[in-house]
Amino acid sequence: MNEAKKTHWAATERDQKNQRHIILWSLAWILPFLGVNLAIENDWIGSDALALAATIGVTVLGLGVLLAYRRFLRNADELMRKIQLDALALTVGVGVVSGFSYTLLEGAGIVAEAEAMTLIMVMVVTYITGVVVGQRRFS
Amino acid sequence: MKNRLKVLRAERDWTQAQLAQALEVSRQTVNAIETGKFDPSLPLAFRIAHLFEEHIEEIFEPE
């Protein structure tokens with residue numbers, strides 16, 4: 001077998017386990033988020049206090065994602081950690097630079113006002129691209 | 001950093017996967033170190049040296 005040949009990325013068992021935790025926490029966070037978002041947009045939640053309580057609940061679940069990701073990064077195979085950190089650096093850079101540039105264009109009236117979700121999507125796509133490119137670079 | 005990891009591994013007739021398992025890293029990490037794309041951390045370099053029963057400077061040297 002030619003071991004120098006490019007192969008699919010095979011994470012260690014520890015990384016796979018921690019990645020599964022991130023996925024589970026992400027689902028536990030995003031599904032209630034979508035539900036609460038839908039309820040708020042359709043005025044299904046009667047009071048501000050209930051909306052606040054639901055938002056706090058969703059935020060706590062989001063902290064679960066954050067902690068799961070932190071555990072993954074701390075225990076990750078060191079090449080995996082480098083790829084993740086490179087992708088995160090790229091994501092922050094692209095997010096900040098594109099956000100500021102868009103603000104200038106928006107101020108000049110060249111582009112319409114963007115929603116926060118647009119910036120989040122740009123960052124998510126950048127992060128995934130960074131991870132995939134990093135894995136291909138080292139595989 | 002140059003290293004003799006591939007030579008040491010070949011001397012023992014180990015695959016990258018076997019070495020990766022012994023070092024508790026991914027096979028891609030072993031491959032990246034062997035090809036000089038990635039320099040290991042000091043703790044991993046010590047684990048490699050311990051596994052092959054050599055000093056770090058006998059395995060790794062600056063280019």
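**Exercise 1.** At what angle do helix H3 (residues 78-107) of chain A and H4(A) pack, and how far apart are their axes?

*Solution.* A word on the model first: it is predicted, so local features need pLDDT of at least 70 and side-chain atom pairs count only at pLDDT 80 or more, while totals for chains, interfaces and linings use all residues. Residues are numbered from 1 along each chain as its sequence is written, and chains are lettered from A and ligands numbered from 1 in the order in which they are written.

Step 1: Two packed helices are described by the angle between their axes and the distance between the axes. Axes are lines fitted to C-alpha atoms, for helices over the stretch in contact, and angles run from 0 to 180 degrees between N-to-C directions. Helices (H or I, at least four residues) and strands (E, at least two) are DSSP runs, numbered from the N terminus.

Step 2: H3(A) and H4(A) pack at about 145 degrees, and their axes are 8 Å apart.

**Exercise 2.** Describe how H1(A) and H2(A) are arranged.

*Solution.* Step 1: The axes of helix H1 (residues 13-41) and helix H2 (residues 48-75) of chain A come within 9 Å and cross at roughly 165 degrees.

Step 3: H1(A) passes H2(A) in a left-handed crossing, and the contact residues divide into 16 nonpolar, nine polar and two charged.

**Exercise 3.** Is Val132(A) buried or partly exposed?

*Solution.* Step 1: Locate Val132(A) in helix H4 (residues 116-138) of chain A.

Step 1: Val132(A) has 13 C-beta neighbours inside 10 Å, so Val132(A) counts as partly exposed. A residue is buried if 20 or more other C-beta atoms lie within 10 Å of its own, exposed if 12 or fewer, and partly exposed in between, with C-beta atoms placed from the backbone.

**Exercise 4.** Describe the make-up of each chain.

*Solution.* Step 1: Chain A has four helices and zero strands. Its radius of gyration is 19 Å, whereas a compact globule of 139 residues would have one near 14 Å. This radius is taken over C-alpha atoms, and the globule rule is 2.2 Å times the number of residues to the power 0.38. In chain A, 11% of the 139 residues are buried.

Step 1: Chain B holds five helices and two strands, in the order β-α-α-α-α-α-β along the sequence. Chain B is as compact as a globular protein of 63 residues, because its radius of gyration of 10 Å is close to the 11 Å of the globule rule. Buried residues are 30% of the 63 residues in chain B.

**Exercise 5.** How many residues of chain B are in contact with chain A?

*Solution.* Step 1: The count is 13 residues of chain B, in contact with eleven residues of chain A (C-beta atoms, placed from the backbone, lie within 7 Å).

Step 1: Helix H3 (residues 27-34) of chain B gives the most to this side, with five residues.

Key:
Two residues are in contact if their C-beta atoms, placed from the backbone, lie within 7 Å. A crossing is left-handed if the near helix is turned anticlockwise from the far one by less than a right angle, and right-handed if clockwise. Ala, Val, Leu, Ile, Met, Phe, Trp, Tyr, Cys and Pro count as nonpolar, Asp, Glu, Lys and Arg as charged, and the others, Gly among them, as polar.
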